[in-house]
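Please keep the sequence and the structure in view while reading.

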Amino acid sequence: MDLIPKPDQVASAASNVAHKMLYGGLADLRPMPRTLIDDGPLREVYHYRPQKQVRSTGDPVLLVTPLAAPALCFDLRRDCSLVEHFVKAGRPTYLVEYGEISFKDRNLGMEHWVEEVVPEAIKAASEHAGGRPVHVIGWSLGGIFATLVAAAQPNLPIASLTVVGSPFDVRQVPLVAPLRPLLRLTDGGVVTQIYRAMGGAPKPLVRRAFQLSSGTKVLTKPLAILQHLDDAEWLAQIEAVDRFTANMIAYPGRTFGQMYHRMLKHNQLSGGKVELSGREIDLAAITAPTLVFAGNTDGIAPIPAVKHLVGLLKNAHEVRFEIVPGGHLGMLTGRAARRTTWVVMDEWIAQYSTPDDRSEAAAPKKATAKKATAKKAAAKKAAAKKAPAKKAAKKAAAPAEVAPDRSAIGSNRERRFTSSSSRDLAQKR
């Protein structure tokens, strides 16, 4: 809104305030309908119901949520929901989430998710989709879990791996870097005793940590809301993000301890090898094609921290690195994601889908092309009968296809960035 608001801006702002007071908000927060297909200890696998007017076919996608964050990250609100995007496109869509973490779960470590939860979810999604290979998409810690699973169990039916905003080198995280020298000077005994006594990281602490990761945005939020009071779409996004933050989940004690000691203090992921359950997991064992996303304003997982993964995937069929607009959550499900991140995901999944998946997707286009050709032929014959002398006239131009927006960061496979291109980082083995 302008410093001196125009009449239409004042009217829009008044309408938005009235709508919020009368109806409680501007965002459409209805969740996409889903059905539970598999469950276990801290494991719930859901299948999102296909829409009646859209044929659901092809290889499935499995969305892997991070610990502490709710599954709302993939279904934030209508029109800014990755789940809705896939379902409307007819893609069989599945999600694994973990439910509430309590004090009784304090002895569960990362191996519970890497060895049991995520692998079982992949198997369940594949079986439910008719034995098809699964495109696994993980955000934040969910991306780290998915990567470790792909390395530890290469025989799982994984068609491709997509890692969104997952830091693999915490030295490159500005929020963490100042703390690491202090951690090296101590044995972490005080911190260890605290999280053991609490059984992990409780929800209020996790929620506050996520809010603080936004830096000055917390302080400037009231002013930003006033400046955008006439923008219903902007206000709706803020409402959805606030709901997401309010639904943060706790970390189990042992898992939190492993993350603190191994990732934060010793930065084990940066070397590409992690020890779980007495055996070493080497990321070089991953052979599945892998797509890696970094957000250009992500403070939790900055570009260098995410990009570090590319060099660790030495045997992947292909590695593609993309920089997309947005912060840690915005890059996944922000207002710009539908024109950038999601476009790249669609291209990637289509590229590594099974042949019958690609042919089914192409079939309607072929049928349409045949009908168009037949119509053109009929039009030519009619024109020839009515006006023989006009055979040399120009043919009518065919309507141009509507292409996705290619102007934004990360939405063009051929785009070259000033630093380095995602194409330059491709590794084909």
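## R34 and its partners

R34 has 27% relative accessibility, so this arginine counts as partly exposed. The model is predicted. R34 forms a salt bridge with E97, with N and O 2.6 Å apart. This pair links distant parts of the chain: R34 sits in strand β1 and E97 in strand β4 (residues 93-97), 63 residues apart. E97 counts as buried, at 15% relative accessibility.

The arginine lies over the face of Y46, 3.6 Å from the ring centre.

## Other salt bridges

Side chains of opposite charge can pair when their charged atoms come close. The structure holds 13 salt bridges. One of them joins E233 and R77, at 2.8 Å from N to O. Here too, distant parts of the chain are linked: E233 belongs to helix α9 (residues 232-246), R77 to the loop between β3 (61-64) and α2 (82-88), and 156 residues separate them. R77 is buried, with a relative accessible area of 4%. E233 is partly exposed, at 31% relative accessibility.

K88 and E84 form another salt bridge, their closest N and O atoms 3.2 Å apart. Both residues lie in helix α2, 4 residues apart, about one turn of the helix. K88 is partly exposed, with a relative accessible area of 44%, whereas E84 is buried at 6%. D38, R43 and E116 are linked in a network of salt bridges.

## Aromatic pairs

A pair of aromatic rings is described by the distance of the centres and the angle of the planes. The structure holds 4 aromatic pairs. In one of them, the ring centres of W113 and F145 are 6.3 Å apart and the planes meet at 15°, so the pair is stacked. W113 lies in helix α3 (residues 110-128) and F145 in helix α4 (residues 141-152), so the pair ties together parts 32 residues apart in sequence.

Ring pairs link Y98, W113 and F145 into a cluster.

## Nonpolar cores

Which residues have the most contacts inside the largest nonpolar core? They are I122, F145, L148 and L283, in a core of 57 residues. Beyond its neighbours within four places in sequence, L148 contacts M110, V114, L269, V274, I281 and L283. A second, separate core has 34 residues, including V61, L72, V87 and L291.

## Cysteines

How many disulfides does a search of the whole structure find? The search finds 0. C73 is buried, at 0% relative accessibility. C80 is buried as well, at 0%.

E111 is found in helix α3. This glutamate has a relative accessible area of 13%, so it counts as buried. Not counting residues up to four places away in sequence, E111 touches E116, R254, Q258, L276 and S277.

A27 is found in the loop between α1 (7-23) and β1 (34-40). Is A27 buried or exposed? At 17% relative accessibility, A27 counts as buried, because the cut-off is under 20%. Leaving aside neighbours within four places in sequence, A27 is in contact with R77, A236 and E239. A27 and W234 are 207 residues apart in sequence, yet their C-alpha atoms are 9.5 Å apart in space.

Definitions and conventions. Residues numbered from 1 in each chain as written. Predicted model: local features only at pLDDT ≥ 70, side-chain atom pairs only at ≥ 80, totals over all residues. Heavy atoms only, no water. Phe/Tyr/Trp six-rings, centres within 6.5 Å; stacked < 30°, edge-to-face > 60°. Helix = DSSP H or I, 4+ residues; strand = E, 2+ residues; numbered from the N terminus. Lys NZ or Arg CZ within 6 Å of the ring centre and 35° of its normal. Core = buried A, V, L, I, M, F, W, Y, C linked by side-chain atoms within 4.5 Å. Buried < 20%, exposed > 50% of the residue type's maximum accessible area, 1.4 Å probe, protein only. Contact = heavy atoms within 4.5 Å. Disulfide = S-S within 2.5 Å. Salt bridge = Lys/Arg side-chain N within 4 Å of Asp/Glu carboxyl O.
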